[in-house]
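Please read these notes with the model open beside you. They are numbered so that each can be checked on its own.

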Amino acid sequence: MDNTDFLSIAIDESFIRYALFDQSGNLKIKKSISTPTDGVDNFLKKIYGIVSDNVKAVYGIGLSVPGQVDQKNGVIYQGGSLPMLHGLSLGKIISARYELPVFMESTGICAVIASQWQGNLQNVDNGCAIILDSGVSSGIVLNNKILSGSHLQAGEVGMLISNPEVENYRPENIMFNACSATKMVHSIGTRLELVDPNDDTKVFKAIENGDSNARELFNAYCRNVAYMITNIQAVLDLSKYVIGGSISNQSILVPEINHQLQVIRETIPLLKETLQTPTVETSNLKQDTELYGAYYNAIQHWKFTSN
């Protein structure tokens, strides 16, 4: 088989999703497997399995990973929802094993790259792509340039404080947990006493059917996302936010976030008087946002290094 495709791999705490893109940038096939979280060795075995199954068809690989990525040294720092990846030179390891070019970037940066390329941040000079999955990732474009910051940490909106109880810290006191789609689904599933509390289909059916317990927790979740956007807006004055990640497939999500934004503004009149309301939309690439971003980031670097 000719090597005509590019392999894109997007990693988070719950799933490793991967896809093949043809030479025109069209997504051909996509699959996913559960992410091993019991150690780096098992994690790498799964990654090797994905690459080995596709190596005869591809001429390069793009990676979207949680945490921060040191492009110069090819190292993942912190690891976001997968702290076991901290210090791992994942791209270099794969490249050396398969003798293929591998290009790696963080989840948030991949999201904003995809949104500028084929998403709803095209022609937007100041915007933000937010991925809601196990935690929260985001990428920010400011004055038509992707913001990386002094320590590769620009866009770490999950580290915003959601409830400043410094003397009584709880995990939900930061947005990384307060805006975790996975934790929200689990909380509702537990409240509903589902056999599988992580069954997002049943959880969202309960929300849509107006179950009071499900709706209360869902509204509170969307309010946390709205607070996060409001805090970002106060600092950066962006014109548009796009929401991606697995939860973005749910049609009720973004309308409720926008509703909660309005509730916050009505509750705090000074916000309404001072800050312009930004546009908040569902990413048109939805849960595939990072896959598109990992591919496009990789293909741009590949073209540059090939010339």
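1. Start with Lys28 and Asp5, which form a salt bridge with their closest N and O atoms 2.9 Å apart. A salt bridge here is a side-chain nitrogen of Lys or Arg within 4 Å of a carboxyl oxygen of Asp or Glu. Lys28 lies in strand 3 (residues 27-34) and Asp5 in strand 1 (residues 5-11), so the pair ties together parts that are 23 residues apart in sequence. Helices (H or I, at least four residues) and strands (E, at least two) are DSSP runs, numbered from the N terminus. Lys28 is partly exposed at 46% relative accessibility, whereas Asp5 is buried at 5%. Buried means under 20% relative accessible area, exposed over 50%, and partly exposed in between (1.4 Å probe, protein chains only).

2. A word on the source: this is a predicted model, in which local features need pLDDT of at least 70, side-chain atom pairs count only at pLDDT 80 or more, and totals for chains, interfaces and linings use all residues. Residues are numbered from 1 along each chain as its sequence is written, and side-chain values use heavy atoms, with hydrogens and water left out.

3. How many salt bridges are there by this rule? The count comes to 7. One of them joins Lys30 and Asp288, with the closest N and O atoms 2.7 Å apart. This pair links distant parts of the chain: Lys30 is in strand 3, while Asp288 is in the loop between strand 12 (279-282) and helix 10 (289-306), 258 residues apart. Lys30 is partly exposed, with a relative accessible area of 42%, and Asp288 is buried at 13% relative accessibility.

4. Arg215 and Glu256 also meet through their side chains in a salt bridge, 2.9 Å from N to O. Arg215 belongs to helix 7 (residues 212-236) and Glu256 to helix 8 (residues 253-267), and the two residues are 41 apart in the chain. Arg215 counts as partly exposed at 25% relative accessibility; Glu256, at 9%, counts as buried.

5. As a general rule, an α-helix has 3.6 residues a turn, so residues three or four places apart point the same way.

6. Asp199 caps the N-terminal end of helix 6, with a side-chain oxygen 3.2 Å from the backbone nitrogen of Thr201. Just after helix 6, Gly210 takes a positive phi of about 85°.

7. Asn143 is not a glycine, yet it has a positive phi of about 55°. Asn143 lies in the loop between strand 9 (136-142) and strand 10 (145-146), and is exposed, with a relative accessible area of 61%. Asn144 lies in the loop between strand 9 and strand 10, and although it is not a glycine, Asn144 has a positive phi of about 65°. At 48% relative accessibility, Asn144 is partly exposed.

8. Where a disulfide is a pair of cysteine sulfur atoms within 2.5 Å, a search of the whole structure finds 0. Cys110 is in no disulfide, and the nearest cysteine sulfur, that of Cys128, is 14 Å away. Cys110 is buried at 0% relative accessibility. Cys179 is in no disulfide either; the nearest cysteine sulfur, that of Cys222, is 9.4 Å away. Cys179 is buried at 0% relative accessibility.

9. Finally, look at helix 3 (residues 107-117): 10 of its 11 residues are buried, so helix 3 is largely enclosed by the rest of the structure. Among the buried residues of helix 3 are Cys110, Val112, Ile113 and Trp117.

Definitions and conventions: Polar contact = N/O pair within 3.5 Å; in protein donor to acceptor, adjacent residues only side chain to side chain.
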